[in-house]
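Hi,

Here is the structure I promised to pass on.

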Amino acid sequence: MSQATQNALRANRRTASYRKWKRVLRNWQLYVFLIPTILYFLVFRYYPMYGLQIAFRNYKASKGIWGSQWVGFKNFQRFFATADFWQLLENTLAISVGNLLISFPVPIILALLLNQLPSKKYKKVVQTVIYAPHFISTVVMVGIIFLFFSPSSGIINHIIVALGGQPIHFMAEADMFRPLYIGSDIWQGAGWGSILYLAALASINPELHEAAVVDGANKFQRVLHIDIPGILPTVVIMFILNSGKVMAVGFEKAYLMQTSLNISTSEIIATYVYKRGLLNSQFSFSAAVGMFESVINLVLLVTVNFISRKVSDSSLF
Amino acid sequence: MKAENKISLSRADRLFDIFNYTILTIVLLIVAYPLYFIVIASVSDPIAVYAGKVMFWPSSFTWEGYQRILEYESFFTGYRNTLIYTVIGTLVNVVITIPGAYALSRKDLVGRNVMMMMVTFTMIFNGGLIPTYLLVLKLNLYNSMWALILPVAVSAWNLIVARTFFQQTIPDELLEAATLDGCSNFQFFMQVVLPLSKSIVAVMVLFYAVNHWNGYFNALIYLKSPDKYPLQLVLRNILFENSLGDMVEDASTLAAQQRMGDLIKYGVIMASSLPLLILYPFLQRYFIQGVMIGAVKG
């Protein structure tokens, strides 16, 4: 490279970085807009990740996070060795995999049906009603479950008895926890979940349907060959997102639904972390348990995303 | 098109429609009936509810459940606290999220990609409960209202939704023209962007407010004094801990107490959920708009 070219390149680079700084300066007010957001993410999102190192220490409140002794993977090993480990893993996975296999398709089917409903007015009524449970809080949702499934006064048992059956003490049966958890999730969330797929269906080119009608395709065939392929990318993306949450079964609902009699199925990782960590103050141990959960989620998300990119071209990143 | 459809509506199509109406009507009933049942159970004599006589219509109509709730002070303290937390919390959320999201939507912002990656990463990985809890203790937020507000001051998802909105609705030409007129970024945001963005502000207010109204986990772990408890925590105590105490103690037998307890439970479910359930149909389009912008990004 000649001397002249090198000089030109250097000058070019200098002006590029000069222009960049000029852009930063000109937009200084935009950075002011961002100060609270950045501060929030650094303090409340990234600092806790840094604080996760207590999972590798033996945390003592008197010594603080940084003064406590390093213990390597001891907390993790202790967790894997506890009698609870496999039970917790099974309970957590049963709910999330159940949700992924049973709950996941429901909003898709609802959206496909709603989209084909001839009466727009009735469609609106159905939508308004089925979205509503989304706004019920978890506390109230679980309260409703307890009232409805109560052995003596619940309406469900009244129906069972009226049909000639024996009343079931739902909240005291370990076997009933998972169906109740997943069933109530569907009741509360399936309607709301269909909004996304309705949006995807609305963006399908109507000419496709018109052409299919000319070709003599009936509604069912059009749903099968136009609607479903049309929303498939959205379905795949949602599936990836959900598989990244397989271990992250929410604390709130499971904790509220727990009774001393169903604990063998209702104790999940999140409730275990809460009890061990905050109620028993075993901070390092439960931070390790929590970290185990998040790392598995991250790995699953990345893996499913990778597979999906290879197989279907739809991916998050 | 419509007329044509009618003529060519084949047997298969008609069958499909009948099937569709049937399924969706069943779905409608499955969702609506429990909500309706709570309404009628909250105003029926609990003896009738226990006997399974309340199915489609209230039986031996009574306001007693609601009357007892009116006398229950914690319920009102909870209601008041939740109102305060929701208003202040949502205000903090929106004041931080909207300008931040606007700045991140600007293509000429140096460092934008790095910041977006930083935000997105928090959606797939986080420090978890324990480190966050220790942080809240360290910041002296324990047992303070701010423990319910600051740790959830920005939602990464909402930030991305708002940013996507700005990218889609504020044309670059508008900014160019304003800059030529000597308009600063701040003036442009206040005078041009905000008036064009009322709907995204509404979406953000609603999304954040619902979370504050319905949240109980942060209150459970960060609040100690019962007089600071938000509605959901008070509700939890009423619905699960059977801490009804003097609300039912005048009833003669345990069974009567339990019946009265159930009546009160149906009543508090109504009293706490009704504001949202009544408001929501009127605000439905904003909620849906928010979900749809999120879907574009999805």
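Let's start with chain B, which splits into domain 1 (2-70 + 244-297) and domain 2 (73-228); those bounds come from an automatic or database domain assignment. The C-alpha centres of the two domains of chain B are 32 Å apart. Where they touch, domain 1 of chain B gives 12 residues and domain 2 of chain B gives 13, a contact being two residues whose C-beta atoms, placed from the backbone, lie within 7 Å. On the domain 1 side, helix α14 (residues 254-297) of chain B brings the largest share, 11 residues. That side of domain 1 counts eight nonpolar, three polar and one charged residue. (Nonpolar is Ala, Val, Leu, Ile, Met, Phe, Trp, Tyr, Cys and Pro; charged is Asp, Glu, Lys and Arg; the others, Gly among them, are polar.)

Before I go on, this is a predicted model: local features need pLDDT of at least 70 and side-chain atom pairs count only at pLDDT 80 or more, while totals for chains, interfaces and linings use all residues. Residues are numbered from 1 along each chain as its sequence is written, and chains are lettered from A and ligands numbered from 1 in the order in which they are written.

Next, a helix pair. Helix α8 (residues 156-169) and helix α11 (residues 198-214) of chain B pack at about 170 degrees with their axes 10 Å apart, so they are roughly antiparallel (angles over 145 degrees, on a scale from 0 to 180 between N-to-C directions). Helices here are DSSP runs of H or I with at least four residues, numbered from the N terminus. B:N158, B:A162 and B:F165 of α8(B) meet B:I200, B:M204, B:F207 and B:Y208 of α11(B). By class, that makes six nonpolar, one polar and no charged residues.

And between the chains? 77 residues of chain B are in contact with 75 of chain A. The chain B side divides into 53 nonpolar, 17 polar and seven charged.

B:S60 sits in the loop between α3 (46-50) and α4 (64-70) of chain B and is partly exposed, with 13 other C-beta atoms within 10 Å. B:N143, also not a glycine, has a positive phi near 60 degrees. (Exposed is 12 or fewer, buried 20 or more, partly exposed in between.)

Cheers

How values were computed: Helices (H or I, at least four residues) and strands (E, at least two) are DSSP runs, numbered from the N terminus. Angles under 35 degrees count as roughly parallel, over 145 as roughly antiparallel, 65 to 115 as roughly perpendicular and the rest as oblique.
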